[in-house]
Amino acid sequence: MKKYLTDKNIQNADLIAVFQRCPFDEPTGDCPFIPYQQLNDMEEQIRLLNTLPEDELQQLRTIHRSCIAARQKGLNKTRINDGPGKFSRLFKRNRNH
């Protein structure tokens, strides 16, 4: 475990998680993280992340944050439009799978 606790990995922990899987379970069709997620190998994902230049990491971080904001906004809109209770039922159903 100590081999993963490098300064660069700690600095890029937000990206390491997205290299492994989408926080919404289904990435968008244009998600730049899909090729990394498809590797399904944490060591290889981290190795590749560590080869990327800082400006590319920053671009990926910006894309990720924009996507999170847009998708959360969409979830909130759906939750408001669906009325009370429906979102929590969906959450409970998804947690059981």
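This is a predicted model: local features need pLDDT of at least 70, side-chain atom pairs count only at pLDDT 80 or more; totals for chains, interfaces and linings use all residues.
This short talk walks through the salt bridges of this structure and then turns to one of its helices.

Residues are numbered from 1 along each chain as its sequence is written, and side-chain values use heavy atoms, with hydrogens and water left out.

Let me start with charge. Side chains of opposite charge can pair when their charged atoms come close. A search of the whole structure finds 4 salt bridges, a salt bridge being a side-chain nitrogen of Lys or Arg within 4 Å of a carboxyl oxygen of Asp or Glu.

Which residue does Asp 14 meet at 2.8 Å, N to O? The partner is Arg 61, and the two side chains form a salt bridge. This pair links distant parts of the chain, since Arg 61 sits in helix H5 (residues 54-82) and Asp 14 in helix H2 (residues 13-20), 47 residues apart; helices here are DSSP runs of H or I with at least four residues, numbered from the N terminus. Arg 61 counts as buried at 6% relative accessibility, whereas Asp 14, at 26%, counts as partly exposed. Buried means under 20% relative accessible area, exposed means over 50%, and partly exposed lies in between, with a 1.4 Å probe and protein chains only.

Asp 14 also forms a salt bridge with Arg 65, where the closest N and O atoms are 3.8 Å apart. Because Asp 14 belongs to helix H2 and Arg 65 to helix H5, this pair ties together parts that are 51 residues apart in sequence. Arg 65 is exposed, with a relative accessible area of 51%.

Moving to helix H4 (residues 42-51), Glu 44 and Arg 47 are 3 residues apart there, so about one helical turn separates them. Their side chains meet in a salt bridge at 2.8 Å, N to O. Glu 44 is partly exposed at 24% relative accessibility, and Arg 47 is partly exposed at 43%.

Finally, which residues of H2 are buried? They are Leu 15, Ile 16, Val 18 and Phe 19. These residues cover an arc of only 170 degrees around the axis, so they lie on the same side of H2, the arc being that of the directions from the helix axis to the C-beta atoms.

Terms used
Helices (H or I, at least four residues) and strands (E, at least two) are DSSP runs, numbered from the N terminus.
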